[in-house]
Amino acid sequence: MTFASATGAQQAFPDPVETSRGPDEETMMTTVLVAGATGSLGSLVVRNLLARGADVRALVRESSVDKLPAHPRLATCVGDLTDGADALQQHVDGVEVVVSAVQGGPEVIIDGQRELLRAAERAGVARMIPSDFSINLHGYGYGVNVLSDLRRVFSESFAGSAVARTSVAVGAFPEYFLGAVHEVLDPAAGTFSVWGDGTRPVDITTIPDTAAFTAAIALDPATAGRDVHVVGQQLTMLELRDEVEAASGRRWELVRRGTVQDLRAEVARRQFTASALFEYVALQYQVAMYDGTGSLRDVRNEDYPDVTPTSVSAYLAGPGAAHFREPAAPLRRDDWPTAV
Ligand SMILES: NC(=O)c1ccc[n+]([C@@H]2O[C@H](COP(=O)([O-])OP(=O)(O)OC[C@H]3O[C@@H](n4cnc5c(N)ncnc54)[C@H](OP(=O)(O)O)[C@@H]3O)[C@@H](O)[C@H]2O)c1
């Protein structure tokens with residue numbers, strides 16, 4: 001069965017007939033709690049887990065319960081990570097694996113996930129996948145990227161924990177990387193911008209493919225205590241521009257914005273002048289992508305042969321074609337507070 005799909009949130013909910021044919025008995029008996037189950041990524045993780053035969057508990061805030069689909073193996077747990085470990089424990093009792101796909105600032109990514117981890121420890125949960133789903137954020141240190149730093153601080157909470165950490169790294173989501181915030185594609189100007197020489201491969205994985213891999217990894221006990229790197233496609237920025245030109249049927253002028261050192265200087269300048277995080281954090285990711293410190297290592301796609309990731313060309317021929325059009329409205333301050 002192939003779980004990969006580029007249809008995103010619109011993909012059909014797993015057919016109960018199909019889901020009754022779980023890969024094996026062990027998977028059928030696995031109970032997974034997904035935090036962030038209503039988000040772009042988390043909602044697809046839930047669907048993929050159900051399609052693999054797992055029992056799923058969705059941790060959702062009261063205000064978001066209506067966003068959950070109905071499924072016989074999907075239980076709703078109303079809760080907020082900021083409720084604290086005592087309140088969260090009832091939801092993780094009897095759970096083998098916790099997957100967190102939450103998004104937010106330090107109160108969610110550090111404090112909230114710590115409370116969930118404390119609850120998981122008390123409940124005897126075997127493994128937790130934190131909400132990383134990024135470039136290889138453990139390939140570089142503190143001070144490079146404000147959002148990676150939140151995740152790195154949380155990862156240190158696993159030291160001495162009985163719950164094993166499994167971090168999933170995928171590179172950049174094209175849904176974001178080719179959107180306005182990264183300043184790579186500019187449909188109005190017809191430009192494709194790169195920093196550096198554009199010859200180092202970058203890692204690109206769609207949100208649906210990340211969800212498909214994450215479900216497989218969540219049900220794979222061999223990932224306990226590991227950073228698992230999986231990817232949709234690796235290609236250089238110059239190759240990505242070729243793919244964009246082929247898919248859009250138009251020319252995109254290559255703009256060389258400067259060296260990677262120039263990019264670091266631009267990030268530093270914006271950190272002092274920006275009015276919102278999104279004005280510089282996307283460029284912080286690009287620093288680590290273009291200098292190679294954030295590149296995926298030891299890519300393990302072969303461990304999950306039933307996940308067939310979407311190629312960049314297939315993505316651009318499908319939902320990614322939207323990147324070729326000018327956005328209806330410019331980015332607003334609140335559009336992209338914490339994501340990548
Ligand atoms: N590699 C990349 O290029 C890339 C790009 C974007 C995102 N990401 C990563 O992917 C992960 C998921 O991001 P996303 O875009 O799917 O996020 P999203 O769509 O914004 O969803 C966030 C989820 O977190 C939930 N949530 C937020 N605060 C919570 C709290 N206090 N308690 C419980 N739930 C809470 C939200 O619930 P509600 O429905 O109640 O709001 C929602 O379900 C993040 O780690 C993000 O950094 C990676």
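Let me begin with a definition: a residue is called buried when its relative accessible area is under 20%, exposed when that area is over 50%, and partly exposed in between, using a 1.4 Å probe and protein chains only. Helices (H or I, at least four residues) and strands (E, at least two) are DSSP runs, numbered from the N terminus.

The structure before you is a predicted model, in which local features need pLDDT of at least 70 and side-chain atom pairs count only at pLDDT 80 or more, while totals for chains, interfaces and linings use all residues. Residues are numbered from 1 along each chain as its sequence is written, and side-chain values use heavy atoms, with hydrogens and water left out.

I turn to the overall fold. The protein chain holds 12 helices and 13 strands, and of its 340 residues 55% are buried. Contact here means heavy atoms within 4.5 Å. Of the contacts between residues at least 6 apart in sequence, 79% join residues at least 24 apart.

How many of the residues of α8 are buried? The count is 12 of 12, and the helix is thus described as mostly covered. The buried set includes I207, P208, D209, T210, F213 and I217. As for their surroundings, the buried residues of α8 pack against α3 (40-51), β4 (97-100), β5 (127-129), β7 (167-169), α7 (174-177) and β11 (227-229).

Within α9, the residues M237, L240, R241 and V244 are buried. Because they cover an arc of only 100° around the axis, these residues sit on the same side of α9; the arc is that of the directions from the helix axis to the C-beta atoms. After α9 comes G249, with a positive phi near 70°.

A nonpolar core is a set of buried Ala, Val, Leu, Ile, Met, Phe, Trp, Tyr and Cys residues joined through side-chain atoms within 4.5 Å. The largest such core has 57 residues, and those with the most contacts inside it are V98, L116, F177, F192, M237 and Y290. This core draws at least three residues from each of domain 1 (14-170 + 206-229) and domain 2 (174-203 + 233-294 + 307-324), with domain bounds coming from an automatic or database domain assignment. Apart from this core lies another, of 36 residues, among them L41, V45, A218 and L219. Which residues does F177 contact, leaving aside neighbours within four places in sequence? They are A172, H182, V184, I204, M237, L240, Q286, M289 and Y290.

Next, the aromatic pairs. Rings of Phe, Tyr and Trp (its six-membered ring) pair if their centres lie within 6.5 Å; planes under 30 degrees apart count as stacked, over 60 as edge-to-face and the rest as tilted. The structure holds three aromatic pairs. One of them joins F154 and F158 edge-to-face, at 5.3 Å centre to centre with 75° between the planes. F154 counts as buried because its relative accessibility is 0%, and F158 counts as buried at 9%. Another pair, W252 with F324, is tilted, at 6.0 Å centre to centre and 50° between the planes. This pair links distant parts of the chain, 72 residues apart: W252 is in the loop between α9 and β13 (253-258), and F324 is in the segment after α12 (312-317). Both W252 and F324 are buried.

I close with two individual residues. R152 is placed in helix α6, residues 146-155. Is R152 buried or exposed? Its relative accessible area is 6%, so R152 is buried. Not counting residues up to four places away in sequence, R152 touches L137, Y140, G141 and Y142.

V267 has its place in helix α10, residues 260-273, and is buried, with a relative accessible area of 6%.
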